[in-house]
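Here are my notes for you to read with the structure open beside them. Take the points one at a time and find each element as you go.

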Amino acid sequence: MTLPAILATVIFFGSLIIIFSEKLHRSITAIAGGALMVIVGRVLHFYSEEAALDAIDFNTLGLLLGMMMLVAMLEPTGFFQYLAVLAARASRGKPVRLFVLLGIITTILSMFLDNVTTVVIIAPVTLLICEIIGISALPFLMSEALLSNTVGVATLIGDPPNVLIGSAAGFSFTDFLIHSLPIVLLSWVGALFLLLHLFKKELSKRPRSVKAVMRLNPAETLNEPLVARRILIVLAGAILFFFVHHALHVSPSLVALSAAAVALVWVRPNLDELFKRIEWSVLIFFASLFVMVGGLESAGVLESVVGLLERASSVPPLVFGVGLIWIVAALSAVVDNVPITIALIPVIRGLGASGMEVDPLWWALAFGAGFGGSGTIIGATANIIVVTLSERTRHPITSKLWNKRGLPVMLATCSIASILYAILYSTF
Amino acid sequence: MTVSSCMKKHVVSIPVTATIRDAAAVIVNKHIGLLPVVEKNGKPVGVIGIRDLLTLELPDFVSLVADVDFVHDFGAVETTRPSARTLDKSVKSLMKPPIAVEEDCGLLRAYALMLQHNLHDMLVVSKDGKLIGVASRVDIGVAVLSSWEKT
């Protein structure tokens, strides 16, 4: 290994370790790592500022920013609470029914919106519903994060790794619906039944006050019905365009940013308030990771990894793909799945350039990165959100509890996905 | 005018060895909103407010959901009580640091401190730090406003 390769590897893995240790905010670590990579690259002449800018995938950032703006406009309207209260009333206070209905709402929202946003908004109102009925909110909060992680894999816009993979592999919105959605839906059904079984004891407890839930008025949760209606119309339009973006030769980021622009003009929100709700730190985290991985690529590290993997080409492609699902899932359970995805994209691209059939590998990466996050309390941001929220209540979710209830979900979804992946391998 | 001129001199307090259950009983019996926690030497080491005690019973969602207007019936929450284990904990686990002024403190300074710390009652201590009185917002406000009559 050359000196640039060694230093680039140390910077990248050093940053990953710091992110994992949570000693420093992940975005601060990524900015520092990115800057260090460019400085070292300039000194040793393996990386330049221009190359660092080229390494940033603006399609991914644009798609994320556009969707974040739409959600940030929809959030204060109370629409999410409206859906949760509708579910609560429809459940008539029956825990199992409420569990399934809230799970379905979280699922549908997570397919089209960022998992973190979905959970941030649904979790507090879930706690409210559970408290007034008089049942434990823990099964509900955990399953919302777990189902949201699972179903996010189904669409191009459901989860950040998909945005990255779709952009790198050139997969369209419909490609995800054809190749990913069926496998994810079956995995989701498996996850739901498993959760119902794992939380059987908690869900069988009799609620103390069903009447209270029937007195919740969904209409009163909508603060701005007109704004909600307008943003939902724009969101529906954007989703329609996502279906045909490939045929129109339009990038998903243009669809998302145009939709955000239309909504901004139509709704004219308070921009200061709106921008406060955009997760800039996430966008900066992504951009910085792109810069770091660009450095790894320029230093020849990824080429060496591709070389090593090519030597393993005697492994049957199907085994290679299933193995990739589990390796990525295991990594995603302990480290953020975004850096893993960003680092593996050039590797898979390199394998493609050397003649390997890589389309199945892109899907394996998506399944592993998406499902792996459910494995541990820190595996996905949605998990961290519900755990942090539960820590502000009298019944915090512990790491031990997550290992008992979350890890089986990761293992089940990865197993179901692996079996279906193997059966459907020829279709990828 | 100083705060000692308007404070209540008969102060109800509890020792640091008391439990949360004891604190609640004193607040109920004396019908007061703030209970100073004092050491043997009479120096205040903390305060237990009626709000701190009610927080033990308030549902978790209240601090997490911005708007609760649409919840017309708190259902099971209304009949939830803190566990015996919680009530038997020491007042030290719930008390807040005492904010006090000395007896010669001016009325407006005392009032400004109450606003700043969002207090309804202010502890008044002697020069050697012993608790000698409690002045409420109303006590201080009435004392200030009464001087307007002479203007």
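1. At what angle do α4(A) and helix α18 (residues 280-298) of chain A pack, and how far apart are their axes? Keep in mind that this is a predicted model. The angle is about 175 degrees, and the axes of α4(A) and α18(A) are 10 Å apart. Angles over 145 degrees count as roughly antiparallel, so α4(A) is roughly antiparallel to α18(A).

2. Now look at the residues where these helices meet. From α4(A) come A:Thr60, A:Leu61, A:Leu64 and A:Leu65, and from α18(A) come A:Leu283, A:Phe286 and A:Ala287. Sorted by class, this contact has six nonpolar residues, one polar residue and no charged ones.

3. Is helix α9 (residues 160-169) of chain A mostly covered or mostly open? Mostly covered: nine of its 10 residues are buried. They run through A:Pro160, A:Pro161, A:Asn162, A:Val163, A:Leu164, A:Ile165, A:Gly166, A:Ser167 and A:Ala168. The helices of chain A that these buried residues pack against are α4 (58-74), α10 (173-179), α16 (252-267), α21 (337-353) and α22 (359-372). Just after α9(A), do look at A:Gly170, which takes a positive phi of about 75 degrees.

4. Next, the nonpolar cores. The largest one has 154 residues, and those with the most contacts inside it are A:Leu70, A:Ala84, A:Ile132, A:Ile325, A:Leu365 and A:Val386. Helix α7 (residues 115-133) of chain A gives this core its largest share, 12 residues. Another core, of 26 residues, lies apart from it and includes B:Val91, B:Met95, B:Leu123 and B:Leu131.

5. Chain B has an open sheet of three strands in the order β1-β2-β3, with mixed pairing. Its edge strands, β1 (14-15) and β3 (44-49) of chain B, each pair on one side only. Two bridges link β1(B) with strand β2 (residues 34-38) of chain B in the parallel sense.

6. β4(B) runs parallel to strand β5 (residues 121-125) of chain B, joined by three bridges, and B:Ala100 stands opposite B:Leu123 in β5(B).

7. Finally, how many residues of chain B are in contact with chain A? There are 15, and they touch 21 residues of chain A. The chain B side of this contact has nine nonpolar, three polar and three charged residues.

Technical notes. Residues numbered from 1 in each chain as written. Chains lettered and ligands numbered in written order. Predicted model: local features only at pLDDT ≥ 70, side-chain atom pairs only at ≥ 80, totals over all residues. Buried ≥ 20, exposed ≤ 12 C-beta atoms within 10 Å, placed from the backbone. Helix = DSSP H or I, 4+ residues; strand = E, 2+ residues; numbered from the N terminus. Contact = placed C-beta atoms within 7 Å. Pairing = 2+ DSSP bridges. Axes fitted to C-alpha atoms, helices over the stretch in contact; angles between N-to-C directions. Parallel < 35°, antiparallel > 145°, perpendicular 65-115°, else oblique. Nonpolar A, V, L, I, M, F, W, Y, C, P; charged D, E, K, R; others polar. Core = buried A, V, L, I, M, F, W, Y, C linked by C-beta atoms within 7 Å.
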